[in-house]
Amino acid sequence: MKFLEKIVDKLEPNFEKGGKYEKWFPLFDGFATFLFTPKHTTKKGVHIRDAVDLKRTMNTVIIAMVPCLLFGIWNTGYQHYNALGLTEEFGVLDQILFGALKVIPVVIVSYVVGLGVEFGFCIAKGHPIEEGFLVSGMLIPLIVPADTPLWMVAVATIFSVVFVKEVFGGTGMNILNPALTARAFLFFAYPKQLSGDSAWVNMELPDGYSYAENGTVVLNELGQKVGQVDAIAGATQLSRFNASIGAMKDKAEELGEAVGANAQAFDAGLDKLAKKYELWESFVGVIPGSIGETSVIAILIGAGFLLHTGVGSLKIMLSGIFGAVFMTIIFNTAGLNPYMTVGPLEHLFAGGFMFGLVFMATDPVSAAQTEVGKVIYGFFIGLFCIMIRVFNPAYPEGMMLAILFMNVMAPLIDHYVIQNNIKQRLERLKLNTANH
Amino acid sequence: MSVQIKLRKGADIKLQGVASRIKVDAPPSDVVAIKPSDFHGVIPKLILREGAKVKAGTPIFFDKENDRIKFSSPVSGEIIEIVRGARRVILEIKIKIDKTNSFEDFGTTDVTKVPVEDLKNKLLNSGLWTFIKQRPFNCIANPDDQPKAVFVSGFDSSPLAPDYDFLLEGREEDFQLGIDALAKFARNGFVNLNIPAEKVLRFNSTDLFSYTDDVGREIEVDYKTASNVAASHGAAKALQSLKNKYGKASTVFTKAKNVSLGEISGQHPAGNVGIQIHHINPVNKGEVVWTVNAQDVAMIGEFLRTGNFNAKKVIALTGSEVALPRYYSVTLGQNLESIFEGNLKESEDTPRFISGNPLTGTKVEKDGYLGAYDSQLTVLPEGNKYDLFGWAVPIQPNKFSLSRTLWSWIMPSKAYRLNTNMNGEQRAFVVTGEYEKLLPMSIFPVQLLKSCLVEDIDAMEGLGIYEIVPEDIALCEFACTSKQPAQEILQTGLDLVKKECA
């Protein structure tokens, strides 16, 4: 690899101060340091440095997301063929191929657009390219529905990089989690395309296949019936939970009584809750949802890796689960509507709760920074997530809003934790002066 | 009187090149140098000029801010050169040693009877006062203060640190005299002396030692075999005998009188006197604690006993690039070339010479001079080389990380040959909780550093800047993912607070 080193050495003067391409130094530096750890040595302070750097840390997080990505690719294909009733005709390889063709373009668009914007800012401001987006660029594809139009992914990525990160000063300075803000942007800007039951599963027929007249039967090239369309295949766990409240209200209206006052209406809601997916299915992740969020197993593998390497915070993850379970138990006890009867495990495995908790809530920049603060921060994320889900049917995915809300609150939590330390010091001083 | 402190935070960094327990006299050097930069914050005013003849203990310059604080020659000879840098700042004062070996005579002192003011004056005039430092700020103590306590750490926990028990072997009497003198300064009337609760054994894998086996034979083994306890009964026995011999703090410390003995357990920075003060008698705003290095206590003791400034100390020559790492008896300000020369391993890498330890030491040239407060020299390989995908490869035998993002955690007892590469580039603070794990103090280090960066003095005071000095945060700087210069940031903050508030 000596020849590569020589190339870098030879090119470097052109990009340094006073060189021909001085302006492009951040770009050159970005590529050179991707290839090599630079030969900089310690100048002041410690003479030896730990082998960890931000590139390695970010790389660790990306590796932790790989199980989710791989599972998401397969599951995208599986949900597609399953909804059309074609899993017999199209096996695992076809499913992976279909998923890959859907997911990989989203990943590419997210990275190319996001890094492009970052590079532009770095060159304009003359600061080095920081590694933060390497993680955001992988997170964005994993939290959008597989069928999201690529231009929407691009717009959301640009929005989050510019308005969430760069205007605050770049990596390490943002208040909100950039990837999650991109998701929130999509959610609020394109609600029609990206929520409801139709967003999650691709229902386009493969070439040569056609619907029979009634639209629920799929025919192959020879006109034989090969599949049966699953009418509610696209419904996620959360929309099913949500529907229970709607069903109760409808029934109550039908009976002409106040909502909740009627046992019959309540039962109608409970009927809607009747399980479409077994608990283990949502644990394994063979359910519709955003690309990377469905499989709790894949998420737990990632979580294990993050915790082992010390990159993810156990405090946030555990207190988040505790907060969610705490809120669920309160709701279960109250039991005022059918949604409130959903159990803790179902809540934990549904929607983006686990994915958000493991990969987004633990983002060190937007989370609380003190150790005590992390516990409080995680607890309220779990608590608010369940509260938003149950109380506000307009936003089925409570996790996104809960994390963003706590991102905003994190500096406040830290402030009080730190003030406590300052107060202790002042009290010690007072005690000491009183003694003398 | 005894306190026990258990520290759960911190980490020991194991490096190659621990000094073997062999003491030799350093080859004599012709020239010694005093470097005013060793005394942070001191503005030197020369008393003597080039060509002046000096004896050991003759004052050469004083501090412009406090003319009572004098700095004197460690040897007898002639000032041959005053090296100046930019804006005529004095960098080095070089003294050529003559053969007379003469001392300024300050007269012997009866420590029990001497009035405190006379004691102070004697130390000030002989230049020995400069070894008494103060917290906050870690500068030379102001003789007008009366400190609420005096602290001495009886061990050093930093990487490759010398064994203080070995440094002070045979100096019980002088050490005790020094302690007695220091106890007179403290408002509480004693010295806080701290020793390790369990001593960490530091040996090189090839260090040989012998033990007696079950049937009474003398058997010689190397440390690597002995520390592999699982391997054999003999190894366990060998390690046990080693522990019996070296595993306890020396009686120089444990039998010392006039002290409150503290037992500190924990990893680095447990040996830092600042950490010990924080847990035993923390410095509040407006308070002062004095600290003296253990070896300098003995030097003060000897001075009081003999009336002469005998500027000798023992230092450890350590580091992976040293052929025979061991202890040397040297003169303060000694030229280092004679120590390094012929004692370096053959290597492709250029060596880096450090006066001090790898975390807090100062880079020196091969023919440089020993730092005023240093008891250690370290030689490490420079890391001025590219490393292909160095940030991504998970298993790299020559790199070490306290985090588990690199697989160095699978070999917890391995000693490393670390080089001086930055292993990355400086970034904004991103990772949290990293510093907190390595600083056994009730202080929020990152928030304190940020308050230093924005020069918010109120925040610095609130967050405890009076209790901390750069060396306490050096381990955090080592581990920092964002490669922030933590010690430098903290020093800037301390300088600002000192200028504005003290």
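Visitor: Which residue of β11(B) stands opposite B:Lys133?

Guide: Strands of a sheet pair through backbone hydrogen bonds, either parallel or antiparallel. Here B:Ile140 in β11(B) is the residue opposite B:Lys133. The model is predicted, so local features need pLDDT of at least 70 and side-chain atom pairs count only at pLDDT 80 or more, while totals for chains, interfaces and linings use all residues. Residues are numbered from 1 along each chain as its sequence is written, and chains are lettered from A and ligands numbered from 1 in the order in which they are written.

Visitor: How many bridges join β10 of chain B to β11(B)?

Guide: Strands (E, at least two residues) and helices (H or I, at least four) are DSSP runs, numbered from the N terminus. Two strands pair if DSSP finds at least two bridges between them. Strand β10 (residues 133–135) of chain B is joined to β11(B) by 2 bridges, and the two run antiparallel.

Visitor: What is the strand order of the open sheet in chain B?

Guide: The order of its 7 strands is β1-β16-β13-β12-β17-β10-β11, with mixed pairing. At the edges are β1 (2–6) and β11 (139–140) of chain B, each pairing on one side only.

Visitor: How many residues of chain B are in contact with chain A?

Guide: Contact means that C-beta atoms, placed from the backbone, lie within 7 Å. By that rule, 60 residues of chain B touch 49 residues of chain A. On the chain B side, the largest share, 4 residues, comes from α12(B). A strand pairing also crosses between the chains: 2 bridges join β1 (residues 36–37) of chain A to β23(B), running antiparallel. There, A:Thr37 stands opposite B:Asp387.

Visitor: Which domains does the assignment give for chain A?

Guide: Domain bounds come from an automatic or database domain assignment. For chain A it gives domain 1 (54–194) and domain 2 (237–275 + 313–418). Their C-alpha centres lie 24 Å apart. The contact takes 15 residues from domain 1 of chain A and 12 from domain 2 of chain A. On the domain 1 side, α7(A) gives the largest share, 6 residues.

Visitor: How many helices and strands does chain A have?

Guide: Chain A has 17 helices and 4 strands. Its C-alpha trace spans about 75 × 75 × 35 Å along its principal axes.

Technical notes. Contact = placed C-beta atoms within 7 Å.
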